[in-house]
Every structure is written in C-alpha cells, then in structure tokens.
Amino acid sequence: MVDLSKLTAGKNLTETEETVLNFIIDHMDDVLKMGVRGVARENFTSTSTIMRLTKKLGYGGFAEMYYKLLPWVKNASKSQETDMHFINSFSSNSLLDYNSYDTIRGFAKRLAAVEKGYIFIYATGFSAIPAEYLTKKLLVLGKKCIYSNGMDSIGVFENNLEDMELLIAVSRSGETNRVVDRIKTARENGIFTVSFTNEKDNRVNELSDMKFRIEDSNKLDDRNMMANTFFPNVLLLMELLIYEYHRVMPELELGEES
C-alpha cells in the first residue's frame, strides 16, 4: 500500500505501465532476479513496455529504476508498520498486557473501602488532565476527593494528610520529583498509594503500593508535541476501573448482609 501519486504525477503512464509499476513495487524482493523479461512475462506484456516505463519515470534502465525505488519503498513500508503500531496501541488489549485483572479488581475494592476519609489525586503538566477527569468521576460516585496539581502549594497536600485514606498519582514519566515526594510522604503516614505511569520501571511505580502501567508510545517526546496514546489510554483504564467498581459494589454489599 505505497502511494504512487507523487512518483507518477505528470508521467502520463498507460494503464499497462501503471500495472507493471505496481507489480514492481509489490515484488521488490524478487524483480531484480526476474529481470525485464520476467517482469514482462508476469504482466503479460512486452519488454519494450518495461523500458518505456523506466524512461517515463526518468531512469536510464531497469536496474537503475530498481535501486532508486528500493529505499523509497522500504521507508514507506517501515513508516506504515510504525503507523499500524500506533493505531493498534489505542486498544484495551495493550492495557491488559501490563495490568492484571487482579490489580484492577483490587483497586475497585480499595476504592469501595474509602468511606469517611478523602481520596487525594495529584499530577502535574499533561498528566493533570486525566487526574482531574478521575476526580470528577469519583465525585459523581459520592467519593470525597481533593485534586491538586503542580501549581498548588504543598500545604494543600500536607494539611490534608490526617484525613487522607488514598493517594492517586498520575505521572507519564514516573520520575517527576513532586509526585515522588508526595508518594513518599503518603507512605510514611500510612496512606495507601496508587500510581499511573508509563510501562517502564520508574521511581513513582517503584514506591507505590499499587501501580498501573500504560504504554508510552513516544517516550522521548518530553514536551508532548507528538501524538501519543498514553493519555487517552490512561482515561480508558480509568473507565475500566470504574466499571469494575460497579461490579464489585453489589458483591461487597451482599457480603456485608450475610
């Protein structure tokens, strides 16, 4: 599936010549061995058709055309593989590669257990977007939440430690110092910690009691300028956690009754 429009623009190729060119593109690994006669035979045409094609495209002969087209076709194929990997990363399957059902269910139970205290949700930069979303989602469920980001004073966190039952942190890199510091402080005060980071080992998920890993498709893009599936997949995982919470609640209520 290589776009030939730029290559053939203004060349006035016949239908047969276009067919031959597509054949060459699709069989780049074999056409050099086949030669002009073999390509002509496979396309039920003459060798003169092949030679006219090479001249129309601006090449001196069949071999030159092959070697000029080869890197172009290979690069296009490589780009296409990268594109498909990116597209496929928008999938719940990739989330389950890094996060077990037991962990998802464990979070749902932990969330259900929070009744009197606060859930503190913290993130900075772009990670604050899914963190704020989760806050609103939990507020709708009747959970008492405090959302804080990098713009807030440390006092917002420290002055609420006594009533905090659960700390949830979102950090794409898993190495943001402010996030690391808050997880350390929470654990020192006996508060259960949950983190959402990329799939690699990092300080944030190493320190967390419960960790969720989400594939970062552009790890070197520190400024978040490129397309990345990390943030939308964090949101998808959060929805999965909320879904499991609704499944767990009736079971827990039944257990209490019995």
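**Entry 1: α2 and α4.** I began with helix α2 (residues 15-26) and helix α4 (residues 47-56), which pack at an angle of about 85° with axes 10 Å apart. The model I am reading is predicted. Angles from 65 to 115 degrees count as roughly perpendicular, so α2 and α4 are roughly perpendicular to each other. I then listed who touches whom. From α2 come Thr16, Glu17, Val20, Leu21 and Ile24. From α4 come Thr49, Ile50, Arg52, Leu53 and Lys56. I sorted the residues of this α2 contact with α4 by class: five are nonpolar, two polar and three charged.

**Entry 2: α3 and α4.** Next I looked up helix α3, residues 31-42. Its axis lies 8 Å from that of α4, and the two pack at an angle of about 110°. I therefore noted α3 and α4 as roughly perpendicular to each other. The crossing of α3 past α4 is right-handed. On the α3 side I found Val36, Arg37, Val39 and Ala40. They meet Thr47, Ile50 and Met51 in α4. By class, I have five nonpolar residues, one polar and one charged in the contact of α3 with α4. Ile50 is in my list for the α2 contact with α4 and in the one for α3 with α4.

**Entry 3: α2 and α3.** How do α2 and α3 run, given an angle of about 150° between them? Their axes are 11 Å apart. Over 145 degrees counts as roughly antiparallel, so α2 is roughly antiparallel to α3. I logged the crossing of α2 and α3 as right-handed. Val20, Phe23 and Ile24 of α2 make the contact with Val31, Met34, Val39 and Glu42 of α3. I counted six nonpolar residues, no polar ones and one charged in the contact of α2 with α3.

**Entry 4: the largest pocket.** I moved on to empty space. Rolling a probe the size of a water molecule over the atoms shows where it is left. I read a volume of about 220 Å³ for the largest pocket. Which residues lie nearest the centre of this pocket? I found Arg172, Ser173, Thr176, Asp222 and Asn224 there, out of 17 lining residues.

Conventions:
Residues numbered from 1 in each chain as written. Predicted model: local features only at pLDDT ≥ 70, side-chain atom pairs only at ≥ 80, totals over all residues. Heavy atoms only, no water. 1 Å grid on protein atoms, 1.4 Å probe; cavity = no way out; pocket = protein on both sides within 12 Å on 5 of 7 lines; lining within 4 Å. Points joined across faces, edges and corners; volume = space filled by probe spheres on them. Axes fitted to C-alpha atoms, helices over the stretch in contact; angles between N-to-C directions. Helix = DSSP H or I, 4+ residues; strand = E, 2+ residues; numbered from the N terminus. Parallel < 35°, antiparallel > 145°, perpendicular 65-115°, else oblique. Contact = heavy atoms within 4.5 Å. Nonpolar A, V, L, I, M, F, W, Y, C, P; charged D, E, K, R; others polar. Left-handed = near helix turned anticlockwise from the far one by under 90°.
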